[in-house]
Amino acid sequence: MLTWVSGRGRILIVVHDNPDPDSLASAMALRHLFAVKLNREAVIAFSGMIGRSENLAMAKLLQIPLTPFPLIDLKAFPVVCLLDTQPGTGNNSLPLDVRADIVIDHHPMRDGSASCRWVDIRPNYGTTATILYEYLKVQGVSVGTKLATALFYAIKSETQDLGREATRPDRDAYLVLFPLANKTLLNSITRPNLPREYFIALHSALEHANLYGKVLVASLDGVQFPEVVSELADLLVRLEGTETVLCLGHYSHELVLSIRTTSEEINAGELIRKLVAGIGTAGGHGMMAGGKIDEVEPERVGELEAVLTQRFLTELAVTDPPLALVP
């Protein structure tokens with residue numbers, strides 16, 4: 001990969017829309033690898049927004065250089081990398097007619113990835129950041145404090161402190177990176193101030209959540225930033241007696257979905273793809289998944305949420321009557 005890249009021009013690193021800590025840390029690590037080994041500076045591009053408070057604090061405090069995708073001239077970059085996402089998944093803004101040269105991800109392989117020049121997809125890894133950490137390790141590239149903090153926080157948040165879908169490589173990286181991470185910065189990232197919009201979304205989720213036995217469905221109505229949908233799914237799946245959660249929120253002209261489960265018998269990635277089949281895009285893996293449906297007008301939200309809820313309950317063979325979470 002490094003040999004091929006060294007003979008090309010400018011490098012673009014594209015992360016998925018509304019990037020999370022795993023994609024941000026992975027991009028930071030790959031950019032560092034190119035800088036040290038090739039003396040080349042890559043541009044990191046993202047689309048959507050960074051709305052979750054922890055992710056905003058991470059990008060700001062660790063000084064991750066990010067460029068909005070609409071400002072990018074793709075013709076100026078002979079090398080295009082996709083991190084923590086793949087071609088055609090619907091959660092990145094790389095046009096379908098633009099070939100990604102390098103794809104590094106920990107989600108299941110997509111058909112469009114097979115034709116890329118360098119493909120390193122490891123669904124058995126808990127995070128993409130772990131893969132990039134191993135790249136740095138085998139190349140003998142030193143990891144500074146800010147990069148170590150980014151990589152550690154990515155593994156910490158994605159695997160929930162190694163408790164969710166973490167494998168041995170993730171644990172090894174976590175233990176090596178922890179002593180190198182800046183604990184003051186880490187605390188500021190993990191415990192940021194929360195905006196009023198978060199509590200508005202939480203109120204809406206609680207008010208409109210229904211329990212169907214061990215399954216919970218929550219509508220957040222309109223949200224100020226799309227990441228809050230997955231953020232609240234992470235919270236609600238902790239409800240005692242609940243195994244699987246579907247959260248839905250309307251952002252701009254998109255209906256955003258997020259699934260979380262604690263059941264090893266359910267594959268959240270496969271489940272969410274069935275929910276949006278024919279109407280949207282989605283992806284994920286064992287215990288967590290996300291998706292969206294584009295061009296949804298406000299007046300159609302309720303109808304569409306009802307359809308998705310019924311598909312969700314049918315796929316899980318749930319027949320329990322709804323019970324409001326908050327009476």
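Reader: Which ring does the charged end of Lys183 sit over?
Author: This is a predicted model. In it, the charged end of Lys183 sits over the ring of Phe178, 4.7 Å from the ring centre.

Reader: And Arg122, what does that lie over?
Author: Arg122 lies over the face of Tyr125, with 5.0 Å to the ring centre.

Reader: Where do Phe152 and Tyr174 lie?
Author: Phe152 is in helix H5, residues 145-158, and Tyr174 is in helix H6, residues 168-177. The two are 22 residues apart in sequence, so the pair ties those parts together.

Reader: Are Phe152 and Tyr174 buried or exposed?
Author: Both Phe152 and Tyr174 are buried. For Phe152 the relative accessibility is 2%, and it counts as buried because the cut-off is under 20%.

Reader: Back to Phe178. Which aromatic pair does Phe178 form with Phe152, stacked or tilted?
Author: Phe152 and Phe178 form a tilted pair, 5.3 Å centre to centre with 50° between the planes. This pair links distant parts of the chain, 26 residues apart: Phe152 in helix H5, and Phe178 in the loop between H6 and helix H7 (183-190).

Reader: What is the relative accessible area of Phe178?
Author: Phe178 has a relative accessible area of 41%, so it is classed as partly exposed.

Reader: Which residues make up the aromatic cluster, then?
Author: Phe152, Tyr174 and Phe178 form one aromatic cluster.

Reader: New topic, the second largest pocket. How much space lies in it?
Author: About 170 Å³.

Reader: What lines the second largest pocket?
Author: The lining is Lys214, Val215, Glu243, Thr244, Ser263, Glu265, Ile266, Glu315, Leu316 and Val318. By class, those lining residues divide into four charged, four nonpolar and two polar.

Reader: Which feature does UniProt place at residues 214-310?
Author: The UniProt record, an unreviewed entry, places "domain: DHHA1" there.

Reader: How much helix and strand in residues 214-310?
Author: The span is 29% helix and 35% strand. Its end C-alpha atoms lie 15 Å apart.

Definitions and conventions: Residues are numbered from 1 along each chain as its sequence is written. This is a predicted model: local features need pLDDT of at least 70, side-chain atom pairs count only at pLDDT 80 or more; totals for chains, interfaces and linings use all residues. Side-chain values use heavy atoms; hydrogens and water are left out. On a 1 Å grid over the protein atoms alone, a cavity is a set of points where a 1.4 Å probe fits but cannot get out, and a pocket is an open set with protein on both sides within 12 Å along at least five of seven lines; lining residues have an atom within 4 Å of a point. Grid points are joined across faces, edges and corners, and a volume is the space filled by probe spheres set on the points. Ala, Val, Leu, Ile, Met, Phe, Trp, Tyr, Cys and Pro count as nonpolar, Asp, Glu, Lys and Arg as charged, and the others, Gly among them, as polar. UniProt positions are given in the numbering used here, feature names are shortened, and annotations may be inferred rather than shown by experiment. Helices (H or I, at least four residues) and strands (E, at least two) are DSSP runs, numbered from the N terminus. Buried means under 20% relative accessible area, exposed over 50%, partly exposed in between (1.4 Å probe, protein chains only). Rings of Phe, Tyr and Trp (its six-membered ring) pair if their centres lie within 6.5 Å; planes under 30 degrees apart count as stacked, over 60 as edge-to-face and the rest as tilted. A charge sits over a ring if NZ of Lys or CZ of Arg is within 6 Å of the ring centre and within 35 degrees of the ring normal.
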